[in-house]
Amino acid sequence: MHLLHTTTKKLEEFVNPPDYAILSHRWREEEVLFADIHQEHAKGMKGYAKIEGCCAQARRDGYQYVWIDTCCIDKNSSAALAEGINSMFAWYENAQVCYVYLDDVTDNGDSETESVFANSEWFTRGWTLQELIAPTSLFFFDSCWREIGSKNSLAGLLSSITRVHANVLTRVNAGSDKLVATRESFSVATKMSWAAGRKTTRPEDRAYSLMGLFKVHMPVIYGEGEHKAFFRLQLEIIRTSHDQSIFAWCGPGGGGYKTGTWPFAPYPDYFAKSGNIEDVPSDQWIGYSQKFISPDAPRLDFSATNDGLDISLPLRPFVGEPNEFIALLSCRRRVSDGEYHNIGIRLRRSVAKAERYERIDYHTLEDIVDTPKEFRVKRIHISFPLPSDSIDIIPFFNTSTSLFIRHVGVEEHGFSVIHMETAPSCNLQMQNSDFVLLMRRPTPSPQPSQDLKCPHHLPWTADSSWLASFTYHNSTTKEQFIVTMGVSWVRDGGPWLRITSEKPPANQLSRLKIDWTSYLLKAGKKVTASVKNGGHASAGKKRSMMFDRYSVNITVYGDL
């Protein structure tokens, strides 16, 4: 952990850090970064005044060190960035004091100050949620570094602005100075509701900024997209939690959503109406179930598979709809003091005479107020389609394709990957300097209404799919190239590769297999990309049933 000395303005690295203050703020133009802080030009950057103000306040409070995210994390190092993101909550929680600097608020001591404070951009950002919750001691300052108030003194106002319960802010009933008790006393759905509506500069950060709140860790993969990052976050949460309120979400709109969807929320915003949903503790749920539903103790475990969710739930059929059911979750909505409604979601049997279901009518949660006697507990599987940028998901059948991407001579010639984008149907895994790209082919129903769009605007069609793009950059020569890869699904098709200096246009999907391509670099160097079949089925042979495996070599040639 790097800390900034408040007097010398020099970074020092610690394994066991001393007492320190920490800054929470909004990023603006010309922030002083890790590479700038020791340079003379840093003092002329716009962000330096903020650093000086933070250090001055820390010195007045008796601290020799501060932590400021702009200059204390080397964001050019993927390892340092990943460590920082996974450690961020702990760093704020372990700080002796947190200073929240609101550069868009000026405290003039008049009646409008509270309104200006409540409308600060700081309250709309994703990362600032954990920066509000984690520290034990936190103080707000205006643009002139005048103190506005503390988290404790402003708890009521902060709760009304952020929807975070005042007990979390004041540590009431926490039992210690740390957040453990109060963080665990609120359901997954409630904590997700605090994040609804917040924004981040990078879409994946909406998920990454919540890791500390849920006490989970996961790899940081910029380019995977918000949807996949949030899905991975939910998978990490359910590894150690029985809290079924994670399924108590509902989307915008209402009526007519009979298309099946998966059990996990696509974005934090889908928990916006779940702030009053509480988890039912395991012992209470077992007692309730045995008393009102079945004498057999219900299974509390549930797990995600590569095709959906295995879970035991009480089901009740809809009248007149033999294949549609209400599934009772082990959570409840607090309607008023002492009054609760059980919560259910709507399911539809997706395979005849099998315990396989899909969620429907995702726009609503069912408040169960009548007798639960009509429910019957079943061990079921809730399947889910592939991730998509839209919740209105069409039926798919799937083929799996695996590409092992190996780099040869890339690092030796000074190139490194600075940006990655993958299609929603892909999962990217890293193995040292190499990648493994796993893809499940989506094929639409016979009459798709329109082409689906991938993140960087290359289209998806029934004949060809874009899989991923990797941007390589040489920091010395400033040279870069982009390797784009996809799969052609026509007979005798297969993976296709393209190397360009910029992102290819939106109409450049290949319907032919392209297993070798090259691109000329400066000084007589050249980069090539090649692919070889290395799996169970060659292109075009039983592609809808087999798992295709390919090896991709990205090679840079030339004198070192």
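Thr 471 is buried in this predicted model, with a relative accessibility of 9%, because the cut-off for buried is under 20% relative accessible area. Thr 471 lies in strand E22, which spans residues 464-474. Leaving aside residues up to four places away in sequence, Thr 471 touches Ser 416, Val 417, Ile 418 and His 419, and also Gln 480, Phe 481 and Ile 482.

Two cysteines, Cys 54 and Cys 55, are also buried, each at 0% relative accessibility. A disulfide is a covalent bond between the sulfur atoms of two cysteines. The structure holds 0 disulfides. For Cys 54, the closest cysteine sulfur is in Cys 55, 5.7 Å away, which is too far for a bond. The closest cysteine sulfur to that of Cys 55 is in turn the one in Cys 54, at 5.7 Å, again too far for a bond. The cut-off behind this is a sulfur pair within 2.5 Å.

The relative accessibilities are set out below.

| Residue | Relative accessibility | Class |
|---|---|---|
| Cys 54 | 0% | buried |
| Cys 55 | 0% | buried |
| Thr 471 | 9% | buried |

For the chain as a whole, 53% of the 560 residues count as buried. The secondary structure consists of 12 helices and 27 strands, and E22 is one of the strands. Among contacts with a separation of 6 or more, 63% are between residues 24 or more positions apart. The chain has an accessible surface of about 25,300 Å², and carbon and sulfur atoms account for 50% of that surface.

Terms used
Residues are numbered from 1 along each chain as its sequence is written. This is a predicted model: local features need pLDDT of at least 70, side-chain atom pairs count only at pLDDT 80 or more; totals for chains, interfaces and linings use all residues. Side-chain values use heavy atoms; hydrogens and water are left out. Buried means under 20% relative accessible area, exposed over 50%, partly exposed in between (1.4 Å probe, protein chains only). Helices (H or I, at least four residues) and strands (E, at least two) are DSSP runs, numbered from the N terminus. Contact means heavy atoms within 4.5 Å. Accessible areas come from the Shrake-Rupley method with a 1.4 Å probe; for residues, only the protein chains shown count as cover.
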